[in-house]
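Work through the exercises below with the model open beside you. Try each task before reading its solution.

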Amino acid sequence: MKKHEVTEAARTEKELFFDDDDEKRAIFGVEDRFLKAVKNIFGVGLVARNNSVKLIGEEAPVARAEQALLELRRLYAQGVAVTMREVEGISEAIANEGAFDDKGQRIEIFAQQVYVRPKTQGQAAYVEAMRQNDLVFSIGPAGTGKTYLAVAMAVSALKKREVRRLILVRPAVEAGEKLGFLPGDIQAKVNPYLRPLYDALHDMMDYGQLRRYMESDIIEVVPLAYMRGRTLNDSIIILDEAQNCTAAQMKMFLTRLGLRSKSIVTGDVSQIDLPAGERSGLREAEKILKGIAGISFVYLTRRDIVRHHLVQRIVEAYEKYEEGQPGRK
């Protein structure tokens, strides 16, 4: 029997009805793009008529496709704009794990009536870990929301006055912070490496407010080398691209944590750019700190990628290629 061929005995149907044209348009998508994505992910037949959609196929895929559509209805009812990211993220989570539960984890940011929320089960677990622990390590491939969700949580804490400062930190260059060959003063040298953190901040607050907060040092975006000797109280400190910290740099960073502060460390261990023979501080911390109360390690996978749908396929292709290389463990 072909992959999606259904025998008469196994065939089942479910029909969902939508309240009005606005809800239908939001969940169906332009030219039914969202419905087509659900159909392809679950391998079910799908017939849309007026304000209803009928799902046809084997019982389990139909039930899961129905669950995905009901989840999209719930988001729409909460005022969340349904996009292809939501459709694919929720559907993939249900298809792969049998369920999707973001635990209602909306993250409140400065933009009015705009919220950041986890889009996959892995991201929901990551947000929960950040809420519950003072030190969280998030490890996973590009596009899984490691940095974006960390910045969103930090901005939310600042808005709620749970902390007084945000410190966002990155290794200034991937291989040893050798900045001298770059043109310009020190700010001009490090800014290109800190750009992803600025981009996330710009999504969550307007330019004037961000500038005021940075001028008053409520928000700092700094290279890792500038952290030595500091103790940070009442703060959230985020270390991004941590796979490119040396072991000594990681220890230095982790010991900056002061009273009433939290730290979030993000990295992708498949993209270590340190010189040959140099130990990655992220890999070493993973070995040393696991099991300590108050410290959480969260592992995101390609299932959690929420960038362009091709990014997930690109990551998967590279993983398969690298696994096949001689001498790779």
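This is a predicted model: local features need pLDDT of at least 70, side-chain atom pairs count only at pLDDT 80 or more; totals for chains, interfaces and linings use all residues.

**Exercise 1. Confidence**

Task: Find the mean pLDDT of the chain, and the elements with the lowest and the highest mean pLDDT.

Solution: 
- Step 1. Start with the chain: its mean pLDDT is 83.
- Step 2. Check the share of residues: 84% reach 70 or more.
- Step 3. Go to the elements. Helix H7 (residues 186–204) has the lowest mean, 72. Strand E6 (residues 135–139) has the highest, 97.

**Exercise 2. Two helices**

Task: Work out how helix H1 (residues 21–28) and helix H2 (residues 33–42) are placed relative to each other.

Solution: 
- Step 1. Take the distance: the axes of H1 and H2 come within 6 Å.
- Step 2. Take the angle: the two axes cross at roughly 50 degrees.
- Step 3. Classify it. Angles under 35 degrees count as roughly parallel, and 65 to 115 as roughly perpendicular. H1 and H2 are therefore oblique to each other.
- Step 4. List the contact residues. H1 brings Ala26, Ile27 and Phe28, which meet Arg33, Phe34 and Leu35 of H2.
- Step 5. Sort them by class: five are nonpolar, none is polar and one is charged.

**Exercise 3. The largest pocket**

Task: Describe the largest pocket by its volume, its lining and the element that gives the most to that lining.

Solution: 
- Step 1. The volume of the largest pocket is about 1,100 Å³.
- Step 2. Its lining has 43 residues, and Arg85, Gly145, Tyr148, Asp203 and Val306 are the closest to the centre.
- Step 3. H7 gives the most, with five residues. H7 is also the element with the lowest mean pLDDT.

**Exercise 4. The cavity**

Task: How many cavities of 30 Å³ or more does the structure hold, and which residues line the largest?

Solution: 
- Step 1. The structure holds one cavity of 30 Å³ or more.
- Step 2. The volume of the largest cavity is about 40 Å³.
- Step 3. Ile237, Phe253, Leu254, Arg256, Leu257 and Ser263 line it.
- Step 4. Four of the lining residues are nonpolar, one is polar and one is charged.

**Exercise 5. Glutamate 286**

Task: Locate glutamate 286 and find what it touches beyond four places in sequence.

Solution: 
- Step 1. Glutamate 286 lies in helix H10 (residues 281–289).
- Step 2. Its contacts are Ile139, Phe297 and Tyr299.
- Step 3. Compare sequence and space. Glutamate 286 and isoleucine 139 are 147 residues apart along the chain, yet 9.7 Å separates their C-alpha atoms.

Terms used: Residues are numbered from 1 along each chain as its sequence is written. Side-chain values use heavy atoms; hydrogens and water are left out. On a 1 Å grid over the protein atoms alone, a cavity is a set of points where a 1.4 Å probe fits but cannot get out, and a pocket is an open set with protein on both sides within 12 Å along at least five of seven lines; lining residues have an atom within 4 Å of a point. Grid points are joined across faces, edges and corners, and a volume is the space filled by probe spheres set on the points. Ala, Val, Leu, Ile, Met, Phe, Trp, Tyr, Cys and Pro count as nonpolar, Asp, Glu, Lys and Arg as charged, and the others, Gly among them, as polar. Axes are lines fitted to C-alpha atoms, for helices over the stretch in contact, and angles run from 0 to 180 degrees between N-to-C directions. Angles under 35 degrees count as roughly parallel, over 145 as roughly antiparallel, 65 to 115 as roughly perpendicular and the rest as oblique. Contact means heavy atoms within 4.5 Å. pLDDT is the predictor's confidence in each residue, from 0 to 100.
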